[in-house]
Amino acid sequence: MSLWLAGLALLLVKIGLVLFVVLTGAAYLVLAERKLLARFQLRLGPNRAGPLGIWQPLADALKLLMKEDTVPAGADRPLFLAAPAMSAATAMLIFAVVPFGDSLTIAGRPVPLVVADVSVGLLFVLALSSIGVYGVVLGGWASNSSFSLLGAIRGGAQMISYELPLALSLAPVVMLAGSFSLVDIVSAQAGCPFIVKQPAAFLIFCVSALAESKRLPFDLPEAENELMAGYHTEYSGMRFGLYFVGEYVNMIALGCLVAVFFLGGWRGPLLPPFVWLMLKAALVPLVLIWVRATLPRLRFDQLMHSSWKVLTPLALANILVTGGLMAALG
Amino acid sequence: MQTSALVLFVIHALIIGVGGIMAVASRSLVRALVGLIMTLFGVSGMYLLLNAPFIALMQLLIYVGAVVILIFFAIMLTKAPAGGEEERPNQVRTYLLALMAGVLPTFVIGWVVLTDQPASINAPLETGLKALGQGLMEPYFLAFELISVVLLVAMSAAVILAFKRRQSR
């Protein structure tokens, strides 16, 4: 019984730590994005709250919490209230299967540094990303506004179109690792990270993940100069904030997933595993911010074209080539 | 272990039942769809209880993640109003037939399960992914391919219908 309780306590500690790091990371990612965007556009960015603006995330969170929480007339109230939580919760749940180190030994027992080593972890991640669509679709529909509805339709179309290449690009990774578990995928990269063996899969995954994150150049669901703010036009206060928490947590999650699937996860020389994972995971958000400052928005036909006629066939061909090579090389 | 499994079974059965009632009884189409999603989640939980995590997540990925989103799409694009011929009260005969359609399978399946218990009913065994894949690719290859033919037919029919409408315009 005491062992069972100790296990539960350990699990809670792990969940608490992971959520703390992720949420703090997301808050400071907002600041980093504002600072970097300002630099790209020859501005200074937020610099009033504390030295170099380091208290800005706290001020933003406080402001969002104090704002009035409005529900538009004619909205589907329960769905309207629940939708932002779906966006944020699905993004945070991804971290349940991300391994952030090898197992530690505490009191003679091995403690794996992952919240849950699920045997089908990769499918868990894909399922969460497809459930995340509901935050956008339900929120947009329940708002009873044309802008929101258009944003929701675009968001739904975009996200289900890019889920296909996203999932297909990971098939070669599973074939090489021989497992769906993220822990096994990381240990399969002990010799050489999969980016070396699977550069095409890496590129397809990155582009599809960028589209899934609904950021420029794929921000058609929000497109502020056509749809005001798309699916979250009618949201205010912390519910609006939850969509943003979801977006930024999702950026960090994508970073972690790219690190786990292609860059060898927590593996690396000298530095501790957790630091390596954080360094690798920081790459994707930084590139996402850079891309946002650089590229214009795609047209809708270009968006669909690149998913169905370029990325999906490429991902399928990549699976065939990988399978052929694996069979040929034994 | 047995009692906790039973408790989880009841919770999932309740989720499935409530979701099903919501799907049938809601006036708003989107609410009905949310009920359907609840049911699909409950079924996926049942698969987890049966120790089949792969099937459970596939259920979420395919049904919740793709099929229901497509239905959503149709609803949002057409902005279908609530109400219609389903809303008129049915004849008693229809209700009786519906009840029979529900009760009959329950009895047949219940009878089969009670008289001929599968070995896995007490402690479900997890089938490894390798065994599952080999099963699909070796003994059940024909069935697997036939399903893909069905999907291919549906897909090409959709494309043909879409092109026909474009030409007649």
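The legends below describe close-up views of a predicted model.

**View 1. The largest cavity of the predicted model and the residues around its centre.**
The count of cavities of 30 Å³ or more comes to one. The volume of the largest cavity is about 330 Å³. Its lining consists of 24 residues, and those closest to the centre are Ile94(A), Ser129(A), Met159(A), Glu212(A) and Asn250(A). By class, the lining of the largest cavity holds 14 nonpolar, seven polar and three charged residues.

**View 2. Helices of chain A that contribute to the lining of the largest cavity.**
At least two lining residues come from each of helix H3 (77-93), helix H4 (121-131), helix H6 (146-177), helix H9 (199-212) and helix H11 (237-262). H11(A) supplies seven residues, the largest share of this lining.

**View 3. The second largest pocket, with a lining of 35 residues.**
The space in the second largest pocket amounts to about 1100 Å³. Nearest to the centre of this pocket lie Val30(A), Leu64(A), Phe244(A), Val245(A) and Tyr248(A). In chain A, H1, helix H2 (56-66) and H11 each give at least two residues to the lining of the second largest pocket. The largest share, nine residues, is that of H1(A). The lining of this pocket divides into 20 nonpolar, three polar and 12 charged residues.

**View 4. A nonpolar patch on the surface of chain A.**
The patch is formed by Trp4(A), Leu5(A), Leu8(A), Leu11(A), Leu12(A), Ile15(A), Leu19(A) and Leu23(A). Together these residues have about 710 Å² of accessible area. Leu12(A), one of the patch residues, is found in helix H1, which covers residues 2-40 of chain A. Leu12(A) counts as exposed because its relative accessibility is 55%, and the cut-off for exposed is over 50%.

**View 5. The salt bridge between Arg292(A) and Glu33(A).**
Side chains of opposite charge can pair when their charged atoms come close. Over all chains, the count comes to four salt bridges. In the one shown here, the side chains of Arg292(A) and Glu33(A) meet at 2.9 Å, N to O. The pair links distant parts of the chain, with Arg292(A) in helix H12 (residues 273-294) and Glu33(A) in helix H1, 259 residues apart. Arg292(A) is partly exposed, at a relative accessible area of 31%. Glu33(A) has a relative accessibility of 2% and so counts as buried, a class that means under 20%.

**View 6. The salt bridge between Asp69(A) and Arg239(A).**
The side chains of Asp69(A) and Arg239(A) meet at 2.9 Å, N to O. Asp69(A) counts as partly exposed, with 38% relative accessibility. Arg239(A) is also partly exposed, with a relative accessible area of 21%.

**View 7. The salt bridge between Arg299(A) and Asp301(A).**
Here the side chains of Arg299(A) and Asp301(A) meet at 3.0 Å, N to O. Asp301(A) has a relative accessibility of 45% and therefore counts as partly exposed.

Technical notes:
Residues numbered from 1 in each chain as written. Chains lettered and ligands numbered in written order. Predicted model: local features only at pLDDT ≥ 70, side-chain atom pairs only at ≥ 80, totals over all residues. Heavy atoms only, no water. 1 Å grid on protein atoms, 1.4 Å probe; cavity = no way out; pocket = protein on both sides within 12 Å on 5 of 7 lines; lining within 4 Å. Points joined across faces, edges and corners; volume = space filled by probe spheres on them. Helix = DSSP H or I, 4+ residues; strand = E, 2+ residues; numbered from the N terminus. Nonpolar A, V, L, I, M, F, W, Y, C, P; charged D, E, K, R; others polar. Patch = residues over 30% accessible without salt bridge, like charges linked within 9 Å, V, L, I, M, F, W, Y side chains within 5 Å. Areas by Shrake-Rupley, 256 points an atom, 1.4 Å probe, with all protein chains shown as cover. Buried < 20%, exposed > 50% of the residue type's maximum accessible area, 1.4 Å probe, protein only.
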